[in-house]
Amino acid sequence: MTYSKKSSVKEIQERFDQDVERFSNLETGQLTTLDAKFNMDLITTAIVKAYPKLATVLDIGCGAGNYDVSLLQQKSPLNMTLVDLSKPMLERAEQRVRVLNTGETKTAQGDFRKMEFAAGQFDVIIATAVLHHLRDDQDWEDAFKKLYNWLKPGGSIWIFDLIQQQNPALQKFVYQELYGDYLIKLKDEAYRDHVFAYIEKEDSPRPLMYQLDMLRKVGFSEVDILHKNLCFASFVGVK
Ligand SMILES: C[S@@+](CC[C@H](N)C(=O)[O-])C[C@H]1O[C@@H](n2cnc3c(N)ncnc32)[C@H](O)[C@@H]1O
């Protein structure tokens with residue numbers, strides 16, 4: 001697999017700079033993903049239930065902050081750190097989070113892979129619809145190691161993302177046919193083609209099993225699947 005034709009970090013940032021509204025709807029979540037609202041409620045409610053003393057949360061690729069708002073509606077104050085490549089996204093997220101959070105809210109604009117946070121400081125890391133921008137195996141492993149290192153012992157990472165099937169025929173059926181049909185029903189064929197084109201240009205998703213194995217490889221002791229529907233899955237790794 002060659003990644004040279006995929007979008008650069010700068011191109012990804014510029015595209016998301018233009019897309020703040022689509023990521024700001026708490027009632028629907030991001031509609032191009034399957035079960036968007038269901039996964040958002042599932043993850044944020046599971047976090048609150050799993051951590052009665054939840055205090056520190058990092059959201060990488062927070063977008064306009066939907067997951068953070070959903071979490072804060074259930075638990076505040078929290079010590080929140082929001083990270084995104086896109087300044088307009090981050091500004092929207094910060095604005096929405098500050099309304100609800102009576103705790104500390106910090107933001108950092110840039111690529112999370114280049115950031116340094118003190119080891120062992122977060123109870124929870126949220127990574128939704130962002131890791132599919134990782135490229136080769138080394139990139140995935142380095143990123144997962146970094147995220148593992150930032151968590152407290154007993155802390156956890158919560159992921160919702162586009163995934164691939166390992167079997168090519170199954171991938172074609174699940175992604176092109178079934179997910180394609182979903183996009184046509186959502187809008188029309190032109191919209192399906194538009195979404196498929198930007199995924200092809202921008203994203204390099206990996207199979208669910210690859211990501212679960214990678215979580216284990218970098219040290220996560222418990223790995224669990226929360227939900228899978230066609231080419232989207234939510235899952236968790238506990239340190
Ligand atoms: C598809 S949006 C998802 C936003 C949010 N997590 C949600 O689920 O609503 C992906 C976001 O990740 C950001 N992003 C992509 N790669 C990133 C990276 N390496 N570091 C930080 N942010 C990144 C983009 O700018 C964009 O806002």
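Q: What covers the buried residues of α7 in this predicted model?
A: The cover includes α1, β5 and α6. Contact here requires heavy atoms within 4.5 Å, so elements such as α1, β5 and α6 count as cover on that basis.

Q: Which residues of α7 are called buried, and what makes them so?
A: They are Y191, R192, V195, F196, Y198, I199 and E202. The cut-off for the word is under 20% relative accessible area, so each of these residues of α7 falls below that value.

Q: How do you know that the length of α7 is close to the expected one?
A: α7 has 14 residues, and its first and last C-alpha atoms are 20 Å apart. The expected span is 1.5 Å times one less than the number of residues. For α7 the expected value is 20 Å, so the span is close to it.

Q: What makes a residue part of the lining of the largest pocket, and how many residues qualify?
A: The pocket holds about 730 Å³ of space. Its lining has 46 residues, and F16, T128, A129, V130 and H133 are the closest to its centre. A lining residue needs an atom within 4 Å of a point of the pocket, so each of the 46 meets that limit.

Q: Which element gives the most to the lining of the largest pocket?
A: α1 does, with four residues. Elements that supply at least two residues each include α3 (66–74), β2 (79–84) and β5 (151–162).

Q: How many residues of this lining are nonpolar, polar and charged?
A: The lining of the largest pocket has 22 nonpolar, 14 polar and 10 charged residues.

Q: Which residues are closest to the centre of the second largest pocket, and how much space lies in it?
A: About 420 Å³ of space lies in the second largest pocket. Of its 17 lining residues, K6, Q164, Q171, E200 and P205 are the closest to the centre. α6 (168–186) and α7 each give two or more residues to this lining, and α6 gives the most, with four.

Q: Which residues does F117 touch, leaving out those up to four places away in sequence?
A: F117 touches L58, T81, V83, F122 and W150. Its place is in the loop between β3 (105–109) and β4 (122–128).

Technical notes:
Residues are numbered from 1 along each chain as its sequence is written. This is a predicted model: local features need pLDDT of at least 70, side-chain atom pairs count only at pLDDT 80 or more; totals for chains, interfaces and linings use all residues. Side-chain values use heavy atoms; hydrogens and water are left out. On a 1 Å grid over the protein atoms alone, a cavity is a set of points where a 1.4 Å probe fits but cannot get out, and a pocket is an open set with protein on both sides within 12 Å along at least five of seven lines; lining residues have an atom within 4 Å of a point. Grid points are joined across faces, edges and corners, and a volume is the space filled by probe spheres set on the points. Ala, Val, Leu, Ile, Met, Phe, Trp, Tyr, Cys and Pro count as nonpolar, Asp, Glu, Lys and Arg as charged, and the others, Gly among them, as polar. Buried means under 20% relative accessible area, exposed over 50%, partly exposed in between (1.4 Å probe, protein chains only).
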